[in-house]
Every structure is written in structure tokens, then in C-alpha cells.
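Try each task before you read its solution.

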Amino acid sequence: MRRRLIVLSLVLVAVRVLSAAVVVVQPGFTDAFYYVDVARRLAHGQGLTADFIWNFLEAPHLDPLPIASHRFWMPLTTVVQATGIALLEPTLGTFRSAQTAIVLVAAFVPAVTYAAGRSIGASPHAALFAAALAGLGGGAFAPAWVTLDSFAIAALLGTGFFIFFARAATGDTRAGVVSGLLVGLLFLARAEGALFGVALLALAVRPTTRAAGVAGSAVALAIGAAWLIRGMALGGSSDLLTRTLLLAHYESFFAIDPTGSADLATIVTTRLGALGSDFVVALFGLMAFLAFPLLLGIRVAWRRPVVRAFVVLGLLIYVAEGLVWPLHATRGSYFHSLAAFYPFAMGLVALGGERWLERRDAATRRLAVGGTVAAAVALAVVGLTTWDATFNDGYRARVAAVDAIPAGPFLAIDGAAWRWIADRPVYVTPADGLDAAACVVARYGAKSVVLEAAHFSAYDGLYRGDSVPWLAAPVERGTVKIYAVQADVSCAIRALPDTGGAGAVP
């Protein structure tokens, strides 16, 4: 069976390489652009810093570039990509070297899924089936395993946590320490990964597992505290809660000064909507029809503490994403969270399916297994095709517009993406509107403002054709409009005295 697992893993690596070569040919979306932008600087010895502004929570006082990075996103994905860049950039280039690091991480997803399946009682053949499902990724994770994002890393760490937690739940202190290490690393990959520590705290309450729970919790807390201390040393972000928990409108996340509050009805409906949307996302991740064998697997293995922990943690993160961060959850945060659960879920799917099929005849078993794998392959193709249509067309449109953007820094809705594409400093168009944009232009000496069809609502008038005294008439490249700065601008925002730079802001 080990030989079959190795062969399966190699076949799936070949699938990853093919999907990377044909479909995922660029970072794709803001998170991924951000990670690789900073990874390139980290690999070149410039630390966790950014020479662009994707959100003003990283430059709350219009601080000069470069600025400290990762005040919102977590650093592990950037570190992994930086390792690939440092080792392979001369041969493969920046993007492919970063992507190779992610593909190598994803190469171990089938193996950890197999181990997870075996750990909860699935037969070797059923566990191999789970490994194939997790490696294929269905329609949801097929492109995710090769994107420059945290999916593959979280999948490996989350699954490893469940495997070692099962041992820690028997009182194994060393397994508890490893579980705590994995929680800490998962937190460094995804902030909500900290919630996995709740399972360790539960072990700490029981006399028979107290040592394992306390040891694991201590390791996880040490890693988490170290990162939080780094944030405090940078001065923190005074409006981080406003930008995350208290948002009335998602656009406010990208404002210099987030304002606005939602009434009770809006607060309730937004969160109910997020819970509904996230439930659909979870079903999509399970390809819908796998929900049945998943529930059967949970029922079969419910007596195992690790399965109960899987269910509780899954519900905890579902509720936290929907109720605490609803606007972020519906824009991809919850889908990212699922990666840490996906391989173990496939192990439960295989266990439940195996128990359901053991009373069926051989023909039915072959049909069920073959049909499920075929569906997973078909949905993986659909997922890759959807990724291509969603992200590559927009990327090509941006690339085609670069030659029309005046030399020098500029403002755009996606600072991380345009930094990568234009290879120069870019600042996010503040969602506050044109007055705030004028301050950013004045502070950083930006030479133009770039608007796309997707832009913050405060720029609707400008995009439709309204004139602004300090901006020239737009140059159009498809749906991208480039407005050169043609006059001096004034600004009422005063940068802090210690931000340095030219005295562009009065």
C-alpha cells in the first residue's frame, strides 16, 4: 500500500504541475499577490516589509515606504514562498520559484490524508481513496493547491494537528507538544487557526490528559504571543477592530479613516447571510454529495476524541467566521479556513463510505468508488476552468494597461496586484474618496490614479466622466482608466512627525 500511495502522490504532483503550467500562471488575487510581493523582499534580505500599500491599516499615518508588512495577514505563507525564491529564483524566476515551494507542500497532502484515514479506522484501501479525493481537491481546492496562498500549508498543518491530537488525547505528552506546535504554525498561516487551541485547552481540563494539554497549549501560546508581541512593537493598529469586527460596509476596510455604523437589523441580516453563504461554501467544498458519507463517518467514529474535536472546531470556526467576521467570511476568509479541515474530512468520507458500502455487492462498490473519483476529476477540471476565467482575464487586462500608466508610483484599487504587475510602488485608492486620494497623492508623490470597472463607490462619478481639477482626462485601456495627476493637490491630513519623507503633506 505504501508503494501505491507514493505512486498516487507522484501522479497528483504531475497534475499540480500541469494545472500550474496551464492555468495558475500568475498569483490571481490580492492575498496571493501580497504574499509573493513580500516574499520576494524577504528572500532578498529586506525582511517582512512592503514597498506598496494594499490597506491603510499597514500605514495608518501615511508612513513612508517601505513599511512593516503582515499587520493583517499572517506570515507563514510568505516565509514558505521566500524559501522557494531564495533557492530557485535564478532558475525558475520569482513567481515559479514561489509556486514550486507551494506545490512541494501540496505534494504531501495525499500522504497526510492517508495517515488521517488510517488513524480513525479506515482500511488501507479506503484511506488511499481519501488521499486521492484530497489530492484532487474537487472543484474547490484543485486550483487552491497551487495558488500562492495558504491553502496547502493550512491543509498539511490542520491534518497533522488532528493526527497528533488523537495521540495527545490518550495522554501522550510528546504528541501534545507537537499538537501545540502545529496550532502555533497554523496560526501563523491563518489567524483563525488559533481557535484550534481550544481543543488543547479541553485536554488540559481532563486529569488523564492534563500534561499533554498544558504542554501543547504552552507551545501554541508561546508562538502566538511572539507574533502578537511583534505587532505591538510595531505600534499595532488602533482601528484593527473597526476594520474587521465592526465594519458596516466592506469598502470601509480600505479607508484611511473607517467610519459608519450599522443598525441592528443590518448587523443581524449580515451575519445570517454570512452563515448561509458559508454553509453553501462548505457544501461546495464537499462536492455536496460527500456530505452524506462524511456524516456517516462522523457517526461511526464519534467515540474518538479527535472526531469530536474535528466537529467542534469545524462548528466553532464556522460560527466565528459568520458572526464575528461576516464581511470577510463571504469574501473568501471562510473558504480559506476550510483548507485546514479538508483532508481529515476526506478521511471521514472514506470511512463512512466504506461502512455504508460493506453490505453492498461488489458492482455497487465499484460504481460508487469509480463514480466518486470521476466526479472529483470532473469538478477539478471545472474548478481550474473557473479559476482561469475569474482571474486570468482580469490579469491580462491589467498587463495590457501598464504601458499607459505614467512613470512613477500610482493609486489603484488593488495595491498588491498592481505592485507585482507594474513593478513599482502602488497605493490603494482610499475608499474615503477623492479628498483622501489627494492626500495619498500629495504624501507619496503619486503620478496617476488608475480605476478599473471594479472600484470603490466613492469613485463612481470620476469613472463615469466627472472632471477633477487635479486629474487629467483619462486614458482608457479597455475597462481600465488612467488619470494622470496634472496639478498640485492639497490635503488636510497631517502625517506624524516621525514619518519622514518630503514635506508633501502640510
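**Exercise 1. In which helix is the place of L272?**

Step 1. L272 sits in helix α13. Helices (H or I, at least four residues) and strands (E, at least two) are DSSP runs, numbered from the N terminus.

Step 2. Note the ground rules. This is a predicted model, where local features need pLDDT of at least 70, side-chain atom pairs count only at pLDDT 80 or more, and totals for chains, interfaces and linings use all residues. Residues are numbered from 1 along each chain as its sequence is written, and side-chain values use heavy atoms, with hydrogens and water left out.

Step 3. Check the accessibility of L272. L272 is exposed, at 56% relative accessibility. The classes are buried (under 20% relative accessible area), exposed (over 50%) and partly exposed (in between), with a 1.4 Å probe and protein chains only.

**Exercise 2. Which residues make a nonpolar surface patch of about 380 Å²?**

Step 1. The patch is made by L264, I267, V268 and L272.

Step 2. Apply the patch rule. Patch residues have over 30% relative accessible area and no salt bridge, and nonpolar side chains (Val, Leu, Ile, Met, Phe, Trp, Tyr) are joined within 5 Å. A salt bridge is a side-chain nitrogen of Lys or Arg within 4 Å of a carboxyl oxygen of Asp or Glu.

**Exercise 3. Describe the second largest pocket and its lining.**

Step 1. Its volume is about 620 Å³. A pocket is an open set of points on a 1 Å grid where a 1.4 Å probe fits, with protein on both sides within 12 Å along at least five of seven lines; lining residues have an atom within 4 Å of a point.

Step 2. Of the 23 lining residues, A282, L286, L294, F310 and Y334 are the closest to the pocket's centre.

Step 3. α15 gives the largest share of this lining, six residues.

Step 4. Sort the lining by class: 19 residues are nonpolar, three polar and one charged.

**Exercise 4. Is M287 buried or exposed?**

Step 1. Find M287 in the loop between α13 and α14.

Step 2. M287 is buried, at 6% relative accessible area.

Step 3. Look at the backbone. M287 has a positive phi of about 55°, yet is not a glycine. Most residues other than glycine have a negative phi.

Step 4. Turn to A288, in the loop between α13 and α14. Its phi is also positive, about 65°. A288 is partly exposed, at 47% relative accessibility.

Technical notes
Points joined across faces, edges and corners; volume = space filled by probe spheres on them. Nonpolar A, V, L, I, M, F, W, Y, C, P; charged D, E, K, R; others polar. Patch = residues over 30% accessible without salt bridge, like charges linked within 9 Å, V, L, I, M, F, W, Y side chains within 5 Å. Areas by Shrake-Rupley, 256 points an atom, 1.4 Å probe, with all protein chains shown as cover.
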